[in-house]
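Trainee: Hi! Could you walk me through this one?
Mentor: Happy to, ask away.

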Amino acid sequence: MIVLANDHGGLILKQPLIEVLNEMDIPFRDIGTNSTESTDYPLWGYKAAQLVASGECERGIVMCGTGIGISLSANKIKGIRCVVCTDCYSAKLSRAHNDTNMLALGGRVVGPDLAKMIVQIWLETPFDGGERHARRVKMIMDIERDQML
């Protein structure tokens with residue numbers, strides 16, 4: 001299950017991404033917002049990240065104006081590796097090398113068609129799992145637990 005969350009700035013991407021998820025037959029949970037009225041992205045990043053960190057959702061896709069603010073919020077939750085993507089190459093490598101579990105997109109930065117391609121690639125790309133990448137992801141998680149070195 002994928003969780004979708006956005007503020008008003010990311011709303012423009014929601015429907016196109018729902019179309020991709022439906023085409024890929026991937027279940028999702030949309031937790032909002034569905035309004036263009038100004039709302040605070042930290043709330044939406046936090047809510048989505050909590051669902052991923054708890055295991056209730058496998059991964060999350062969050063959207064705001066740039067993707068930056070909502071990703072910063074999501075990344076404050078232990079266990080979250082949220083990446084802002086504006087291109088397909090970064091989406092692919094963020095999964096293959098970094099085992100990202102959340103994707104952030106900017107409704108004012110990425111158009112709907114590119115967002116759909118980024119999401120499809122991000123969802124289809126597995127974690128490489130090789131020793132080098134697994135070691136580095138573990139290091140990231142160790143830093144989060146303040147257990148580095």
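Trainee: What is Thr-100 in contact with, leaving aside its neighbours within four places in sequence?
Mentor: Its partners are Arg-59, Arg-81, Val-83, Ser-94, Arg-95 and Trp-122, where contact means heavy atoms within 4.5 Å. This is a predicted model, in which local features need pLDDT of at least 70, side-chain atom pairs count only at pLDDT 80 or more, and totals for chains, interfaces and linings use all residues. Residues are numbered from 1 along each chain as its sequence is written, and side-chain values use heavy atoms, with hydrogens and water left out.

Trainee: Is Thr-100 buried or exposed?
Mentor: Thr-100 is buried, with a relative accessible area of 4% (buried means under 20%, exposed over 50%, partly exposed in between, with a 1.4 Å probe and protein chains only).

Trainee: Which residues point which way from β3?
Mentor: Arg-59, Ile-61 and Met-63 point one way, Gly-60, Val-62 and Cys-64 the other, and all are buried. Strand β3 covers residues 59-64, and six of its six residues are buried, so the rest of the structure largely encloses it. Strands here are DSSP runs of E with at least two residues, helices runs of H or I with at least four, numbered from the N terminus.

Trainee: Changing topic, at what angle do α4 and α5 cross?
Mentor: Roughly 20°, with the axes of α4 (residues 88-96) and α5 (residues 112-124) coming within 8 Å. Axes are lines fitted to C-alpha atoms, for helices over the stretch in contact, and angles run from 0 to 180 degrees between N-to-C directions.
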